[in-house]
Amino acid sequence: MGEVQTLTRADLCDAVHEEVGLSRQECASLVERTLDLIVESLERGETVKLSGFGVFQVRDKRARMGRNPKTGEPATINSRRVISFRASQIMKSRVHGAVNGT
């Protein structure tokens, strides 16, 4: 495996600009608004399903007992909300194919 690449918001904006032909500013606004809508939905506890991509869900985790990794002492882990992502079968197949060179 080579160097790890990171896709940024700017990269997304550039890709939309090249594909759709809108101005760079319009593309940046479009990408930002799309991401904002996803975050706002998650803040409300809604599930975000992007067909062919995957599902983002907010889950409530209960408080539980854990351990301090430095001392090994028991410690309470507070309840919290977490975001989980489950990739679609289409995405899993594409990523698996890309890794295996098919």
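User: Which residues form one aromatic cluster here?

Analyst: Phe53, Phe56 and Phe85 together make up one aromatic cluster. Keep in mind that the model is predicted.

User: How many aromatic pairs does the structure hold?

Analyst: The general idea comes first. Two numbers describe a pair of aromatic rings: the distance of the centres and the angle of the planes. In this structure there are two aromatic pairs. For Phe53 and Phe85, the ring centres are 5.5 Å apart and the planes stand at 55°, so this pair is tilted. The pair links distant parts of the chain, 32 residues apart: Phe53 is in the loop between strand S1 (48-50) and strand S2 (54-61), while Phe85 is in strand S5 (residues 80-87).

User: At what angle do the planes of Phe56 and Phe85 stand?

Analyst: The planes of Phe56 and Phe85 are at 45° and the ring centres are 4.7 Å apart, so the pair is tilted. This pair links distant parts of the chain as well, with Phe56 in strand S2 and Phe85 in strand S5, 29 residues apart.

User: Next, charged side chains. How many salt bridges does a search of the whole structure find?

Analyst: As a general idea, side chains of opposite charge can pair when their charged atoms come close. A search of the whole structure gives five salt bridges. One of them joins the side chains of Arg9 and Glu32, with an N to O distance of 2.6 Å. Arg9 belongs to helix H1 and Glu32 to helix H2 (residues 24-43), so the pair ties together parts that are 23 residues apart in sequence. Arg9 is partly exposed at 45% relative accessibility, and Glu32 is partly exposed at 30%.

User: Which residue meets Glu46 in a salt bridge?

Analyst: The side chain of Glu46 meets that of Arg44, at 3.1 Å from N to O. Glu46 is partly exposed, with a relative accessible area of 35%. Arg44 has 54% and is exposed.

User: Why is Arg44 called exposed?

Analyst: Its relative accessible area is 54%, and the word exposed applies because the value is over 50%.

User: What is the distance between the closest N and O atoms of Asp60 and Arg81?

Analyst: They are 3.7 Å apart, and Asp60 and Arg81 form a salt bridge. The pair links distant parts of the chain: Asp60 is in strand S2 and Arg81 in strand S5, 21 residues apart. Asp60 is exposed, with a relative accessible area of 64%.

User: Which residues make the nonpolar surface patch?

Analyst: Val20, Leu22 and Leu30 make it, and the patch covers about 240 Å². Val20 is part of helix H1 (residues 9-20). With a relative accessible area of 53%, Val20 is exposed.

User: How far is Leu22 from Glu32, in sequence and in space?

Analyst: Leu22 and Glu32 are 10 residues apart in sequence, and their C-alpha atoms are 14 Å apart in space. Glu32 is the residue in helix H2 that meets Arg9 in a salt bridge.

User: Which element should I look at to find Val20?

Analyst: Go to helix H1, where Val20 is found.

Conventions: Residues numbered from 1 in each chain as written. Predicted model: local features only at pLDDT ≥ 70, side-chain atom pairs only at ≥ 80, totals over all residues. Heavy atoms only, no water. Phe/Tyr/Trp six-rings, centres within 6.5 Å; stacked < 30°, edge-to-face > 60°. Helix = DSSP H or I, 4+ residues; strand = E, 2+ residues; numbered from the N terminus. Patch = residues over 30% accessible without salt bridge, like charges linked within 9 Å, V, L, I, M, F, W, Y side chains within 5 Å. Areas by Shrake-Rupley, 256 points an atom, 1.4 Å probe, with all protein chains shown as cover. Salt bridge = Lys/Arg side-chain N within 4 Å of Asp/Glu carboxyl O. Buried < 20%, exposed > 50% of the residue type's maximum accessible area, 1.4 Å probe, protein only.
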